[in-house]
Amino acid sequence: MTILRACAATAALLCSLSSLAADPASGTLTPGSGPIVFSSGPFLSANPTPVPLLDNGPTCDSPAPACDSFELTVSLPAGYTAAHNADFVRVTMSWVDTGGGASDYDLWIYKGQVDATDGGDTPPFKAASSANPEVTQIVPLADGDTVYTIKIVPYTPSGEIVTTTIEFVTGDNITTDPSFGLLDNPATPGIPRYQNFAPTGVSAEAGNGECNIGFNVHTLRIMFMCFGNGSVYRLTTPENLVEPLPEACPAQWEDVTPLATSGPQPVADPILFTDRVSGRTWASNLTVGPNVSYAFTDDDGDNWIDAGAGGLAGADHQTIGSGPYPADFALPHPLHDNAVYFCSQALVGPAGCVRSDDGGATWGPPTLAYDGSVCGGLHGHVRVANDGTVWLPVATCGEGTGYAVSTDAGQTWTDRMVPNTLAGSGSDPSIALDDDNTAYFCYVNGDGHARVAVSRDRGQTWTDDTDLGAAHGVVNATFPEAWGGSSGRAACGFLGTDRLGNMESLDFPGLWYLFIAHTYDGGKTWTTVNATPADPVQGIGGIWHSGGGNPNRNLLDFNEVTEDQLGRVLFGYDDGCVRDCAKSPLDNPQSFTAVMKVARQTGGKTLRAEHDRPEPRAPANACLSGTRDQFAAKLNWLAPDHGGAAITNYKVYRSTSPTEPGVFVGNAGPKLGYLDRSADPNVEKYYYTVVAENAAGEGVASNKVELPVVERVIENLCVLPGYTLFSDASGDYDTALATGTSAHDLLLLQVAQPPVTDGVTKLVFTLKVADLRTPPPSAAWFVSFRAPNGELRGVRMATDQGSARFFSYTVGQSSGGITDGRFVAAEGPIEAESNYTADGIITFVVKASDVGGTGAPGETYTEFNAGSVQTYGAAGTGAADAIDGMPNGLARQGRITLSPNGQCPDILPDDDTPPGGTTGGGAGGSRDQGRFGGAIGGAALLALLGLLGLRRRIAA
């Protein structure tokens with residue numbers, strides 16, 4: 001143990017750094033060696049270094065700011081890691097708190113040998129929460145001798161001696177499935193199945209982490225809230241709309257935010273909870289310090305009551321829950337059927353709770369849920385059992401994870417660690433409670449695995465500890481959330497990946513998906529499904545758990561789960577991988593966004609046994625949409641729940657009256673679309689339905705769509721504005737990066753090869769954006785493509801030098817190797833008639849010979865895209881921020897083939913390979929979608945182009 005030798009109390013801060021050196025200062029760990037233990041301190045002053053913001057870690061100078069360094073060597077023989085790929089090194093740091101529960105120390109581990117003032121190479125392994133002990137692990141390991149530098153940093157010290165233990169942990173080998181997350185769950189009877197609701201009619205990226213969800217069993221509406229700007233949304237599922245639609249259709253999203261959660265004050269930890277008895281929803285926004293903005297509603301947000309709950313409890317991670325009182329509890333104010341609890345904790349140490357007996361209008365005195373002696377730091381969401389037991393899960397209890405529990409309506413509490421758990425995962429645990437009061441403790445263990453333990457005696461004993469992700473190869477997990485149903489039934493959802501390593505690192509290679517585990521036998525066995533197959537909720541780049549502004553902190557700290565009136569699971573989360581990341585997550589950069597999503601169970605066994613339906617059964621009804629022109633009717637539909645057996649075919653029916661049953665037109669097979677070329681253009685309106693079928697038979701007919709003829713204009717590459725490559729939805733650009741201007745909102749891209757008389761072939765690109773009355777500074781708009789000579793070339797308008805300027809360019813790449821058109825390697829010539837108009841039409845005119853071609857008939861230009869960017873730099877530096885792109889982000893697709901001068905044939909909409917023209921196109925990604933689909937529907941696009949005065953074919 002190291003002590004401040006011969007230092008007077010008044011001069012303690014002037015003692016040399018050597019007085020804080022680790023004892024011992026270094027050590028070597030092998031698979032067969034015992035743990036290494038070293039001591040640090042005492043520490044009398046905090047180290048103010050903003051560690052997460054620096055590449056080289058904490059600054060450790062003498063006499064201050066102080067921290068401690070230990071040099072660790074992990075020594076492994078050749079071939080060891082291949083034979084033991086699940087082994088890791090666990091590092092545990094603890095102290096006896098003499099600061100009244102307020103002391104806090106952080107643990108940072110860097111790879112490499114460093115000196116006293118340099119933290120080492122990034123990224124670090126860390127344990128920098130408010131827990132005591134702090135626990136982290138070093139993984140993956142490498143054969144040979146690897147040196148690590150361990151830094152002990154006093155965050156809020158009170159003169160403590162800090163003890164750090166380093167130990168080798170062995171585990172079962174892990175076999176990674178190369179198809180992890182990329183395959184849908186099999187169509188098996190009884191296995192839960194999910195659809196995902198994305199926002200409609202509201203800002204898609206207003207989430208920003210920490211999503212909460214509630215369900216009103218009386219109105220059948222979902223209440224939803226994420227961090228974002230404190231907004232609360234009301235979702236009406238399609239089958240419950242005034243004019244009902246199939247369940248497969250999108251939900252209706254409405255902003256019903258109370259002023260109390262979105263006023264001028266800063267928005268911090270949000271929480272929302274809906275009582276299943278009364279239907280009342282409480283919404284809270286923790287602002288600065290212990291102040292709480294708080295309101296409740298009895299009509300799903302039409303009206304809110306501001307309860308003025310400032311100063312309720314601690315400063316972080318508040319939670320609201322409700323449930324029955326204990327049977328022997330004398331009600332002081334029985335004005336609401338259920339007791340309501342509000343809990344939150346200080347950033348370090350204790351947590352407090354208050355109870356309301358009038359539905360949250362007023363609150364009683366606070367009680368201490370835990371004081372830091374057993375459990376301390378962050379907690380999860382409070383749950384109340386049918387017998388009145390109140391549970392508060394806590395991330396750190398002793399060396400593991402645990403909970404505080406009250407059996408007398410929150411008047412007194414007991415905190416305990418769940419046996420055989422390890423602290424240090426960085427995730428709050430969650431507790432599900434079934435109708436028999438069985439508790440299912442869902443947590444991420446210190447080794448990164450998602451697990452659950454079961455208690456049937458209010459936490460006195462725990463059994464049936466199960467790895468929930470093992471069947472899917474999940475070895476790193478985060479954000480567990482649990483919910484209970486009828487006797488023996490519960491669900492636990494979590495984000496999971498199949499990759500070992502430091503999950504918080506920006507170079508972490510794993511893709512993350514939402515998994516939801518279900519039990520129907522009281523936790524003896526669990527069925528885990530991927531609720532977001534083939535669509536990761538976070539791409540490559542990890543998930544950051546601590547504070548600060550790291551880009552991979554986009555999902556913040558938690559999600560939430562509940563059930564609907566039929567016992568079907570509803571899981572609210574933020575999707576951090578969208579646009580190009582979702583389309584091809586292994587090939588495209590992480591988007592690090594936060595798009596609100598709801599995963600809703602559509603089939604399989606539910607949380608309520610009385611609502612289970614026999615399976616397999618015939619499919620549910622699809623959600624049908626379509627368009628029609630003089631050539632054909634184009635039908636598309638969203639797949640329904642398959643009923644526990646794979647859908648093998650969709651039958652298409654057509655009628656001339658909305659009341660007729662319809663005549664069979666054809667089979668689509670398992671595809672989600674059909675082109676009806678037999679439609680008579682002389683019939684004013686047709687009415688279509690589709691019916692899915694599987695091994696159990698034909699299902700229910702879809703919604704009926706009415707399709708009148710909308711005449712399509714035939715395009716010709718030689719007639720301006722030429723062929724339409726892409727159309728894009730209005731308002732889908734990144735409003736945060738665009739700083740409020742719609743100049744970056746891309747709508748349309750067309751290309752033409754006009755006839756020439758001087759023998760010089762030119763290409764004309766017409767790019768339509770929403771508004772260019774005042775082009776923003778330091779911005780750019782571009783079209784890029786693969787030229788006939790194989791180079792990536794493009795045309796560009798930039799405002800980096802004041803007024804708009806035009807040029808062609810050779811596409812460069814970012815430091816990460818990205819060549820999506822944003823980056824400029826070299827500028828080139830462009831024709832003087834290139835220009836823009838205030839209403840947003842940008843015209844690029846360029847010689848084919850200036851962009852990698854010769855202009856000869858038969859030359860092909862491929863891999864088109866268009867984008868708008870902000871923070872545009874000089875030549876060679878490119879642009880940093882992509883704001884909008886076509887198609888689907890900044891992907892590349894489509895092609896044009898040059899024709900002899902002035903001899904371009906018309907491009908017919910139902911040709912697979914139009915002569916002399918294009919073979920690819922629109923936002924959907926295939927030729928068929930390019931011609932008939934896209935983000936803007938036929939009627940809306942016709943109106944837009946009418947305003948623009950542009951001649952083009954209409955997307956049917």
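User: pLDDT is the predictor's confidence in each residue, from 0 to 100. What is the average pLDDT of the protein chain in this predicted model?

Analyst: The structure is a predicted model, and its confidence is summarised over the protein chain. A pLDDT of at least 70 is reached by 83% of the residues. The average for the protein chain is a pLDDT of 83.

User: Over which residues does pLDDT stay under 50, with 18 contacts beyond four places in sequence? Which stretch with pLDDT below 50 has 124 contacts beyond near neighbours in sequence?

Analyst: Where pLDDT is low, the predicted coordinates should not be read in detail. The stretch with 18 contacts beyond four places in sequence, where pLDDT stays under 50, is residues 116-120. The stretch with 124 such contacts in the model, where pLDDT is below 50, is residues 909-956.

User: Is strand S5 largely enclosed or left open by the rest of the structure, and why? Which residue of S8 is the bridge partner of Ile109?

Analyst: Strand S5 covers residues 104-111, and seven of its eight residues are buried, so the strand is largely enclosed by the rest of the structure. S5 pairs with strand S8 (residues 144-156) in the antiparallel sense, over eight bridges. Within S8, the bridge partner of Ile109 is Ile150.

User: Which residues of the largest nonpolar core touch the most other members?

Analyst: The largest nonpolar core holds 34 residues. Several strands give two or more residues to this core, including S50 (762-769), S51 (779-786), S56 (841-847) and S57 (860-872). Apart from it lies another core, of 32 residues, with Tyr194, Val340, Met503 and Val529 among them. In the largest core, the residues that touch the most other members are Phe765, Leu767, Trp781, Val783, Phe844, Tyr861 and Phe864.

User: Which residues does Phe765 touch, not counting residues up to four places away in sequence?

Analyst: Phe765 is one of the residues of the largest nonpolar core that touch the most other members. The count of its neighbours leaves out residues up to four places away in sequence. On that basis, Phe765 touches Gln750, Val751, Val783, Phe785, Val795, Ile842, Thr843, Phe844, Val846 and Phe864.

User: Which strands stand at the edges of the open sheet of five strands?

Analyst: The five strands follow the order S48-S49-S50-S56-S55, and the pairing is antiparallel. Each edge strand has a single partner strand, so one side of each is left without a neighbour in the sheet. The strands at the edges are S48 and S55 (835-836).

User: How many bridges join S49 to S50, and which residue in S50 does Gln750 stand opposite?

Analyst: S49 and S50 run antiparallel and are joined by six bridges. In S50, the residue opposite Gln750 is Thr766.

User: Is Asn530 buried or exposed, and which backbone nitrogen does its side chain reach?

Analyst: Asn530 is found in strand S35 (residues 527-530). Its relative accessible area is 4%, and because buried means under 20%, Asn530 is buried. Asn530 also touches Gly181, Asn185, His472, Tyr513, Leu514 and Phe515, not counting residues up to four places away in sequence. At 2.9 Å, the side chain of Asn530 reaches the backbone nitrogen of Thr532.

User: What separation do the C-alpha atoms of Pro270 and Met225 have?

Analyst: Pro270 lies in strand S15 (residues 270-274) and is buried, with a relative accessible area of 1%. Among the residues that Pro270 touches are Met225, Cys226, Phe227 and Phe558. Pro270 and Met225 are 45 residues apart along the chain, yet the separation of their C-alpha atoms is 7.3 Å.

User: Which residues are joined to Pro616 and to Pro721 by a cis peptide bond?

Analyst: Most residues other than glycine have a negative phi, and most peptide bonds are trans. Pro616 is placed in the loop between strand S38 (595-603) and strand S39 (623-628), while Pro721 is found in the loop between strand S47 (715-716) and S48. For the cis bond to Pro616, with omega about 5 degrees, the partner is Glu615. For the cis bond to Pro721, with omega about 5 degrees, the partner is Leu720.

User: What is the phi of Ala409, and what is the phi of Phe479?

Analyst: Ala409 is found in the loop between strand S26 (400-406) and strand S27 (414-417), and counts as buried at 0% relative accessibility. Phe479 lies in strand S32 (residues 476-484) and is buried, with a relative accessible area of 2%. Each is a residue other than glycine with a positive phi. Phi is near 60 degrees for Ala409, and for Phe479 phi is near 55 degrees.

Note on methods:
Residues numbered from 1 in each chain as written. Predicted model: local features only at pLDDT ≥ 70, side-chain atom pairs only at ≥ 80, totals over all residues. Heavy atoms only, no water. Helix = DSSP H or I, 4+ residues; strand = E, 2+ residues; numbered from the N terminus. Buried < 20%, exposed > 50% of the residue type's maximum accessible area, 1.4 Å probe, protein only. Polar contact = N/O pair within 3.5 Å; in protein donor to acceptor, adjacent residues only side chain to side chain. Contact = heavy atoms within 4.5 Å. Core = buried A, V, L, I, M, F, W, Y, C linked by side-chain atoms within 4.5 Å. Pairing = 2+ DSSP bridges.
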